[in-house]
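Let's walk through this one together, question by question. Have the chains in view and follow along.

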Amino acid sequence: MTQGLRKDLRTGLIAIVAMTVVLGLLYPLAITGISQVVFPGAANGSKVSLDGKVVGSHLIGQEFKGKQWFHSRPSATEYSGNVTYFGNEGPNSVETREEIREELKSYVRENKPYDHALTREGVPVDAVTQSASGVDPDISEANAAIQAHRVAAVRHLPLAKVEELISANTDSRSLGVLGEPGVNVLELNIALEKEAPLK
Amino acid sequence: MLEGYLQIALFVVVLVALIKPVGIYIARVFNNERTFLTPVFGGIERGTYRLLRVDPEGAGQDWKAYARSLIVLSLLFWILLYLILRTQGIQPFNPEGFKSGPWDLSFNTTSSFITNTNWQFYGGETTLTYFAQMAGLAVQNFVSAAVGIAVVAALIRGIVARSGKSIGNFWQDIVRIILYLLLPISIVGALFLVSQGVIQNFSHASVIHTLSGGTQILAQGPVASQEVIKELGTNGGGFFNVNSAYPFENSSGLTNFFEMLLILVIPASLTYTYGRMVGSQRQGWAIFSAMFVLFIIGVVVVYMAEQHGSPAQHAAGLHTAAVHGSTGGNMEGKDQRFGIADTSLWTAITTVTSCGAVNGALESLTGIGGAVPFSNLGYSEVVFGGVGTGLYSMLLYVILAVFIGGLMVGRTPEYLGKKIQAREIKLVSLGVLFTPLAVLLSAGAASATELGKRSLYAGINPTGFSENLYAYLSQANNNGSAWAGYTGFLQPHAPGNVGAYGISFANLLGGLVMVTARFAPILFVLAVAGAMAGKKVSPAGLGTMRTDNPTFVFLLIGIVVLVGALTFFPAILLGPIANGLTGRLF
């Protein structure tokens, strides 16, 4: 073994230990410590509550099935928050076509009785396609506007009131330009439960 | 689409505004000069040199010594990371009680993170302890990035050096790059991400009783500290399986914008650093321009294609035009808060760079939209590319362009006053051709044999072919993004590794491809640096071919497209373009 190689091995051994301690332990521990003091809510998952009970996270979508709720987007993972994966529906796949056909049919079937003008052509794209994260917290404003008719009727609320709740729970583009506006489904449904509880 | 183009334009403006200040700063780091952070980190820097027994005032290393130090550090870290991944059962910070996964998966993952690839057959939240994520993978996100940046620093010094054979000191470069560049931005960036909702804790997964009476388990962890360096170091390995699509990694349009800036800021600014160090900013801008043209073409193509929607959607009767309150377009595999424009921009950014993080499902892109990540990888990561790796790979193309241009006008090729001779051209050719060769051999082996078939999700059709080709393009280019269907790891009882097993062929072939396609080109690049160092500089004359004007930029783009994309065109034709040209469903 040459002298240069021996020297490199010694330096290298010290380096991997030092770097692992500093970058792998001290750095993330320090960030965690500061975050837990300065941003405890955000650092622990932006949890939201109803009547003092945690019911979810502002950032993570949930599955809603009944007529009284606004529905989230289709999810490949059934809204799993601990086993995430993509749906991988290909652009030229027969399965994709069939799934979108099914989603379209059931979306129209659920909402048409309350929104008579609704046709298959009027269904917004986000309502029948799977999200990337599987836990998309948002739906488009167009999607919410259609579902508003159903929710208002089932909960015996004036449509204008539901529309008001929708705009109160819409996250607009960050700084007015970045991203797309989205209606936060969980927050909207919480607001509905506060306004017109079903129980 | 106007709002979408507005966001893309805003991103470009902010990026270009950052290039000069960051580029100057990086040059100071490379040149061992004082920076505004020296009062903060100077003591730690000197202490580290004493600990490592490195002489910061020493004579520097020639290319062989530099390469030896680099290989030794990478090899030692390979062994350490493999051991960390194999000993999960005894680690602290393991609230879920995860055991280790299969050995062949650990081989693949270790090779992946040592090489700045971050290809992932595993899902982070279902297989790894917080200890393995932090002390194993995130450390490599820093170190592999620093290694790439060090190599470009060495190459630039070789190109500039008029006497002597030194191309710098590897250990000193690594220490300064981490201490003055990667760590400070990571600390500030991580805290910003937490303030926006990216999580940072060591808690057990939270069990939530949902509003409508169901149960949802939310995985937790130290995400922000890893997320920031994952982008800044163009690594790309997500804490969660769905990577930056998951809201706990990327919570809003603002975090998305910030993370995209983190990815491109170093690769883009290095062109300015280059201009400064060779003594002509125009040289740096020429390289930036060539990169930028190829980048922006990809952005526009993928955005237009995604806004159009896919054949399967149209066949199902879905209307994909934009309407009031909805973006329209192909929202399959995309989240609402990013929409079509930001997912398209992200896709282009993470495939021209070697980042490979995703915020949407690549497999669900339209045929033509999906051809963009393919071509971007086909350019061998020279369009901005990975931190350091992008510029050093592009400089090989620059030398090649000088050589070809020189032949066309019948003069001895010269670059920045130094003659380009047989030795340099041999090394450059090896460096340029090694990665395509690794891609085509491995993807060919996987498509042509039964062994590769088990990894496919879509089966034997253009989409399945895309999965396979992309897997090896991505691994050989050290990118790490995935046409996600392709698998090397099966996990029947997720979360956890109980009963999980690997597909050894995919894991081992992939691991070998990543390691060879990372370190062979690095050795060729360092050898070029060594060959250029100490060459006599002759003054530019009337007949010297200029390398800082639009003609040269055009020539450089032409060579990149010819060598890079055309090598893969026949293969890309069989995958995404076949999907894009037909309305047929499979």
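Q: How many residues does the contact take from chain B and from chain A?
A: Keep in mind that this is a predicted model. On the chain B side, helix 3 of chain B gives the largest share, eight residues. Sorted by class, that side has 56 nonpolar, 45 polar and ten charged residues. The contact as a whole takes 111 residues from chain B and 95 residues from chain A.

Q: What ipTM does the model score, and what is the mean pLDDT of chain B?
A: For the model, the scores are pTM 0.96 and ipTM 0.97. In chain B, 100% of the residues reach a pLDDT of 70 or more. The mean pLDDT of chain B is 94.

Q: Are helix 3 and helix 6 of chain B roughly parallel or roughly antiparallel?
A: Helix 3 of chain B covers residues 63-86 and helix 6 of chain B covers residues 130-160, and their axes are 10 Å apart. The packing angle is about 165 degrees. Angles over 145 count as roughly antiparallel, so helix 3 of chain B is, relative to helix 6 of chain B, roughly antiparallel.

Q: How many nonpolar, polar and charged residues are there in the contact of helix 3 of chain B with helix 6 of chain B?
A: The crossing of these two helices, helix 3 and helix 6 of chain B, is left-handed. On the helix 3 side you'll find, among them, Y66(B), F77(B) and L81(B), and on the helix 6 side the residues include A132(B), V143(B) and A154(B). The contact residues divide into eleven nonpolar, three polar and no charged.

Q: Are helix 4 and helix 18 of chain B roughly parallel or roughly antiparallel?
A: Helix 4 of chain B (residues 103-114) and helix 18 of chain B (residues 504-532) have axes that come within 8 Å. They cross at roughly 20 degrees, and the crossing is left-handed. Angles under 35 degrees count as roughly parallel, so helix 4 and helix 18 of chain B are roughly parallel.

Q: How many charged residues does the contact of helix 4 of chain B with helix 18 of chain B have?
A: Helix 4 of chain B brings residues including D104(B), F107(B) and S111(B), while helix 18 of chain B brings, among them, N507(B), G511(B) and M514(B). By class, the contact has five nonpolar and seven polar residues. The charged count is one.

Q: Which residue takes a positive phi in the hairpin of strand 1 and strand 2 of chain B?
A: Strand 1 (residues 206-209) and strand 2 (residues 215-218) of chain B pair antiparallel over four bridges. In this pairing V207(B) stands opposite I217(B). Five residues sit between the strands, and the one with a phi near 95 degrees is G213(B).

Q: Which residue in the turn between strand 1 and strand 2 of chain A has a positive phi?
A: Strand 1 (residues 47-50) and strand 2 (residues 53-57) of chain A run antiparallel, joined by four bridges. L50(A) stands opposite K53(A). Two residues lie between the strands, and phi is about 50 degrees at D51(A).

Q: In strand 5 of chain A, what is the bridge partner of D138(A)?
A: Start with the open sheet of three strands in chain A, which has the order 3-5-4 and antiparallel pairing. Its edge strands are strand 3 and strand 4 of chain A. Two bridges join strand 3 to strand 5 (residues 182-184) of chain A, and the partner of D138(A) is N184(A).

Q: Where is P495(B), which a cis peptide bond joins to A494(B)?
A: Omega for that bond is about -5 degrees. P495(B) is in the loop between strand 5 (489-490) and strand 6 (501-502) of chain B.

Terms used. Residues are numbered from 1 along each chain as its sequence is written. Chains are lettered from A and ligands numbered from 1 in the order in which they are written. This is a predicted model: local features need pLDDT of at least 70, side-chain atom pairs count only at pLDDT 80 or more; totals for chains, interfaces and linings use all residues. Two strands pair if DSSP finds at least two bridges between them. Axes are lines fitted to C-alpha atoms, for helices over the stretch in contact, and angles run from 0 to 180 degrees between N-to-C directions. Angles under 35 degrees count as roughly parallel, over 145 as roughly antiparallel, 65 to 115 as roughly perpendicular and the rest as oblique. A crossing is left-handed if the near helix is turned anticlockwise from the far one by less than a right angle, and right-handed if clockwise. Two residues are in contact if their C-beta atoms, placed from the backbone, lie within 7 Å. Ala, Val, Leu, Ile, Met, Phe, Trp, Tyr, Cys and Pro count as nonpolar, Asp, Glu, Lys and Arg as charged, and the others, Gly among them, as polar. pLDDT is the predictor's confidence in each residue, from 0 to 100.
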